[in-house]
Amino acid sequence: MNSKVTILILAAGSSSRMGKIKQLLPWKDSTLLEHAIKIAKLSKASEVLVVLGSNAKLIKENIKTDNVSFLENTNWELGLGTSISCGVNFLMHNNKDTDAILVLLADQALIDTEYLNEMIDRFTSNKIDLIATRYGDKIGVPALFKQIYFTDLQNLDGDQGAQLLLKKFEDKVVSMNPVGKTFDVDTLVDYNKLLRMYDNKP
């Protein structure tokens, strides 16, 4: 870890479409959330924060990791935006020396350390203020926001999340395409598809 970028992992949802606690679903040698934490900790980021909400106590009891700060978003039911706001509030109120925040979802199982480092490197070497991930004709997270956007992130609420700011400042966004790595696990069908994709890898 050698940059002043904080990775903010959003893991507060109730997994209502899944019917199970998504964060604790088995993935590779651990769980979806532990995997996200692992790739974040192996990156060039200076700090990793995890925002929990639904089932926070149970999730923390089942996650084996260190050097990670867990935050609890009591407004998690209001949507992703509140989890981003929760993380940014923590950074701003604790005088953290952070140049940028990289927002990552706990269920983006195919995102890897290499991609996170590529985003961080583009930020540090090219002085880019906003970097987002391209999904066809849309952009989303993982997304990196320079400190000048922290107040905007802090004011997020509802379920729009980072998408709202990426649309608002679209002309400033540099997008990246992690070919084959953009896959979100929202339902059991998605999860089973993910397992089949992984099993079929050479």
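**Reading a strand and a helix**

Me: Thr-6 stands opposite Ile-101 in β6. Which strand pairs with β6 in the parallel sense, and over how many bridges?

Reply: First, this is a predicted model, where local features need pLDDT of at least 70, side-chain atom pairs count only at pLDDT 80 or more, and totals for chains, interfaces and linings use all residues. Residues are numbered from 1 along each chain as its sequence is written, and side-chain values use heavy atoms, with hydrogens and water left out. Strands (E, at least two residues) and helices (H or I, at least four) are DSSP runs numbered from the N terminus, and two strands pair if DSSP finds at least two bridges between them. Here, β1 (residues 5–11) runs parallel to β6 over six bridges. β6 also pairs with β8 (residues 138–146), antiparallel over four bridges, and there Ala-100 has Lys-146 as its bridge partner.

Me: Is β6 (residues 100–105) buried or exposed?

Reply: Buried means under 20% relative accessible area, exposed over 50%, partly exposed in between (1.4 Å probe, protein chains only). Six of the six residues of β6 are buried, so the rest of the structure largely encloses the strand. Ala-100, Leu-102 and Leu-104 point one way, Ile-101, Val-103 and Leu-105 the other way.

Me: Now α7 (residues 188–199): which of its residues are buried?

Reply: Asp-190, Tyr-191 and Leu-194. They lie on the same side of α7, because their arc around the axis (taken from the directions from the helix axis to the C-beta atoms) is only 100°. On the other side, Val-189 and Asp-199 are exposed.
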